[in-house]
Amino acid sequence: MPLYEMLCITTHVPQYQPIRELVRQSAMHVMNAGGVVRNLNSWGTRTLPQRMKRHGRPQEVGDYWTMHFDANPTTLKSLNGLMRRDPRVLRWTVLKLADKVEDMAQHGRRIKPNSSLQDIID
């Protein structure tokens, strides 16, 4: 199974519970389909680079989080559908970090808990 990283920007709400539920739902979706979630990381609340609108009014602030996971392409397709339909999600993107076991071993040594995308690329 390929190794992926998903970066997700969600609408900001004062309570953390809706974001926590979305993260849990996404991780459980991957695990229920036979995938493995390697890392979850919250980047916190940040001002968006531009106003974003999806499923409602324009937003100026969003909550950022990442998830590293192994999954098959079918699971990835259904996860994208889940993100597309969820009204809490403003934007998301999924990057394939490795495809083969050998590539995963090389990337695995660089992925540390609480690492950012920049740490992985460098």
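Does Y64 count as buried, partly exposed or exposed, and at what relative accessibility? Y64 counts as buried, at 10% relative accessibility, where buried means under 20% relative accessible area, exposed over 50% and partly exposed in between, with a 1.4 Å probe and protein chains only.

## Basis of the model

This is a predicted model, in which local features need pLDDT of at least 70 and side-chain atom pairs count only at pLDDT 80 or more, while totals for chains, interfaces and linings use all residues. Residues are numbered from 1 along each chain as its sequence is written, and side-chain values use heavy atoms, with hydrogens and water left out.

Leaving aside neighbours within four places in sequence, F69 is in contact (heavy atoms within 4.5 Å) with residues including P2, M6, V30, L79 and V94.

## Helix α1

The 16 residues of α1 reach 22 Å from the first C-alpha to the last, close to the 22 Å expected at 1.5 Å a residue, the expected span being 1.5 Å times one less than the number of residues. I19, L22, V23, S26, A27 and V30 are buried in α1, and they cover an arc of only 125 degrees around the axis, which puts them on the same side of α1; the arc is that of the directions from the helix axis to the C-beta atoms.

The buried residues of α1 pack against β1, β2, β3, α2 and β4 (89-98). Just after α1, G34 takes a positive phi of about 95 degrees.

## Around Y64

There are 2 aromatic pairs, counted where rings of Phe, Tyr and Trp (its six-membered ring) have centres within 6.5 Å, with planes under 30 degrees apart taken as stacked, over 60 as edge-to-face and the rest as tilted. The rings of W43 and Y64 have centres 6.5 Å apart and planes at 10 degrees, so this pair is stacked. Because W43 lies in strand β2 (residues 36-52) and Y64 in strand β3, the pair ties together parts that are 21 residues apart in sequence.

W43 counts as partly exposed, at 23% relative accessibility.

Terms used:
Helices (H or I, at least four residues) and strands (E, at least two) are DSSP runs, numbered from the N terminus.
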